[in-house]
Amino acid sequence: MKPIITLLLLLATVIPARSRSESRLVRHADGRATVMVDGSPYLIIGGETGNSKASCPADVEEVMDKAVAHGYNTVLIPVAWELIEPVKGQFDFSSVDTILASARRHGLKVVPLWFGAWKNSMSCYAPAWLKRDTKTYPRAMTSAGKPLEIASAFSPAVYEADAAAFKALLRHIADTDNDGTVIMLQIENEIGMLEDARDYSPLAQAEYDKGVPAELVNYLKKHKKSLHPSLLAKWRDAGMKTSGPWAEMLGDDIYTDEIFQAYAYALYVERLAQEARKIFPTMPLYVNAAMNSRGRVPGQYPSAGPLAHLKDIWHAGAPTVDILAPDLYDSGYVDWTAAYALPDNPLFIPEIRASRANPAQALYAVGEHGAVGLSPFAYNLRPGGEVAYQRQGNELLKSLSPLLFKTSADGCSRVATSGLYFDADSTTRTLTDGNLSIKASHYFTLPWDSRATDGSVWPATGGLILRLAPDDYIIAGTGIVLTFAPAQEGKVAAQGNEPVLGEDGFLLTGNGGAVGGKQSAASHPAKASRVKRIGLASVEEVEVGEDGSLRRIRTFNGDETHQGRHVRIGVDDFKVLRVRLYEY
Ligand code: DGJ
């Protein structure tokens, strides 16, 4: 046999044929991005398992079963360093094989979470051989010299050990995951320094004493226009210097310490990301952050993680990482999403507190920010009775996918959409689309809904609005009511002068037809006659086909649309409505 043929045959047996293409991230001009899986746009409608689930095959099977019950398409699941390298240099990938085989059987995609050198700041997932050998693998230290159970990011030995395991893991996945079950990689988990804003160990101090690296300064200079406002202000306040010690260039405070530490973490992660790129040239890579919330300062919260105010530091140090992702456990959902959905950072929410609100949160993130996906944490603990609602919401979001993306031979673009998210504190939003004003509200704002006042908890509700054509909209979601008006009239309504009608359409109070007893400008004949008004031509509940076609399920009218005045979806329901409008 000719040597070249022999070589080809040999390669064919050594390199397993990948039947599917590797996932990749398409970046859009507005900073949003789309994950492409098997060549098609893919929304990550996921769930993250509890931390220890991957260590037991029976638990893995159970979390996959539950993921299917939730209607998820993806499971985010830890890969623990201590499990894959229990003895230095000896790898055992059985936990990984179990995860991938089970996910495959369940028709799920997987995002492995590399619990390597750091998990929630700590190095608890490092193998015992590394933990015990603090001489070779030094710890981060507080300013008082107290060692922490946090491996120092400044230690070459820590990096080499972590990287060796990470590379071995990725090589194993590349060799065995022939159908592309793995679609994305998380590097480390909630990196961050605790107790102090930065590491004061001798290695860290030596680095600190060198001053701000020229590479970082160059990045800041080049990206001055897009720097996070807090970073720009900090730099300005310190005199906008372009070299020097950290405290002189950026100010002598713990936030500068945090920046120093963030740059070190980013450089460390960048090296891992580059290793990942050698094995998976296109697979999306991300890092996740614990939030700097509840009035805490760096060190009280995990300092220096990939936080919004440190985005430029992380981008400067870790350009190979695709997404800096927030883990959302605090209130203020809408504000948190806005802080991370940036022109230089697509939104992906790998962790969010598991709650009833999750489907509405996902619809909002996708609708408002074109999010790559959302994944509630420890979904496996959700009581069985709450799963059906989640499944309904997740299936609805999945079904919308063909409407959200337009694919072509050279890529994929994202259709413009808006998101809605309501609770007791934020009940209404008015959007303008050209000459149209769309007022969307929480379902409980219906004047006749007694749950607004009888002490009921206002569940979080939300949805997504997409324009198919002028006067032709898709409204999808749960617990929402929408009215349509000419933009001019909508402005008047937003000022709170609209008549309040009961369920029967009669004036609720009989006080002249307006809140506060004044006649509304919108209902004043002279003013109203100048603008064309908007009516509902038809309201249909539809099902979205895989090709984006719409199949009518039923038509709503009469009581179900308040005699043509609004469209609505109840709080225990998920629906896709097609609303056609007309002018009169
Ligand atoms: C955030 C971490 O990333 C998760 O692994 C888990 O520890 C949760 N916190 C627990 O709330």
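Visitor: Is Arg294 buried or exposed?

Guide: This is a predicted model, and the call rests on relative accessibility computed from it. Exposed means over 50%, so Arg294, at 59%, counts as exposed.

Visitor: Which residue does the side chain of Arg294 meet in a salt bridge?

Guide: The general idea comes before the case. Side chains of opposite charge can pair when their charged atoms come close. Here the partner of Arg294 is Asp330, with 2.8 Å from N to O. Asp330 is partly exposed, at a relative accessible area of 22%.

Visitor: Where in the chain do Asp330 and Arg294 sit?

Guide: Asp330 belongs to the loop between β11 (323–328) and α13 (333–340), and Arg294 to the loop between β10 (285–290) and α12 (311–317). The two residues are 36 apart, and the pair links distant parts of the chain.

Visitor: How many salt bridges does the structure hold?

Guide: The structure holds 29. One of them joins the side chains of Asp312 and Lys311, again with 2.8 Å from N to O. Asp312 is buried at 0% relative accessibility, and Lys311 is buried with a relative accessible area of 5%.

Visitor: What are the closest N and O atoms doing in the bridge between Asp449 and Arg451?

Guide: They are 2.9 Å apart. Asp449 counts as buried at 9% relative accessibility, whereas Arg451 is partly exposed at 27%.

Visitor: Which residues are linked in a network of salt bridges?

Guide: Arg27, Arg277 and Asp322 form such a network.

Visitor: How far apart are the mean positions of the positive and negative charges?

Guide: The protein chain has 60 positive and 67 negative charges, and their mean positions are 4 Å apart.

Visitor: Next, the fold as a whole. How many helices and strands are there?

Guide: The protein chain has 17 helices and 25 strands. Along the principal axes, the C-alpha atoms fill a box of roughly 80 × 70 × 45 Å.

Visitor: What share of the residues is buried?

Guide: Buried residues account for 55% of the 584 in the protein chain.

Visitor: How should I read the contacts by separation in sequence?

Guide: Take the contacts between residues at least 6 apart in sequence, then ask what part of them joins residues at least 24 apart. In this protein chain that part is 73%.

Visitor: Which element holds Ala264?

Guide: Ala264 is in helix α11, which covers residues 254–279. Ala264 is buried, with a relative accessible area of 11%. Ser152 is 112 residues from Ala264 along the chain, yet their C-alpha atoms are separated by 9.9 Å.

Visitor: Which residues does Thr427 touch, not counting those up to four places away in sequence?

Guide: Thr427 touches Phe422, Ala440, Ser441, His442, Thr445 and Trp458. Thr427 itself is in the loop between β16 (417–422) and β17 (428–433). At 23% relative accessibility, Thr427 counts as partly exposed. From Thr427 to Ala365 there are 62 residues in sequence and 17 Å in space, C-alpha to C-alpha.

Visitor: Last, the backbone. What is the phi of Glu188?

Guide: Most residues other than glycine have a negative phi. Glu188 is not a glycine, but its phi is positive, about 60°. Glu188 lies in strand β9, residues 185–189, and is buried with a relative accessible area of 0%.

Visitor: What value is phi of Met240 near?

Guide: Phi of Met240 is near 55°, again positive in a residue other than glycine. Met240 is in the loop between α9 (229–237) and α10 (246–250).

Visitor: Why is Met240 classed as partly exposed?

Guide: Partly exposed is the class between buried, under 20%, and exposed, over 50%. Met240 has a relative accessible area of 23%, so Met240 falls in that class.

Definitions and conventions
Residues numbered from 1 in each chain as written. Heavy atoms only, no water. Helix = DSSP H or I, 4+ residues; strand = E, 2+ residues; numbered from the N terminus. Buried < 20%, exposed > 50% of the residue type's maximum accessible area, 1.4 Å probe, protein only. Contact = heavy atoms within 4.5 Å. Lys, Arg positive; Asp, Glu negative; His and termini not counted. Charge placed at Lys NZ, Arg CZ, Asp CG, Glu CD. Salt bridge = Lys/Arg side-chain N within 4 Å of Asp/Glu carboxyl O.
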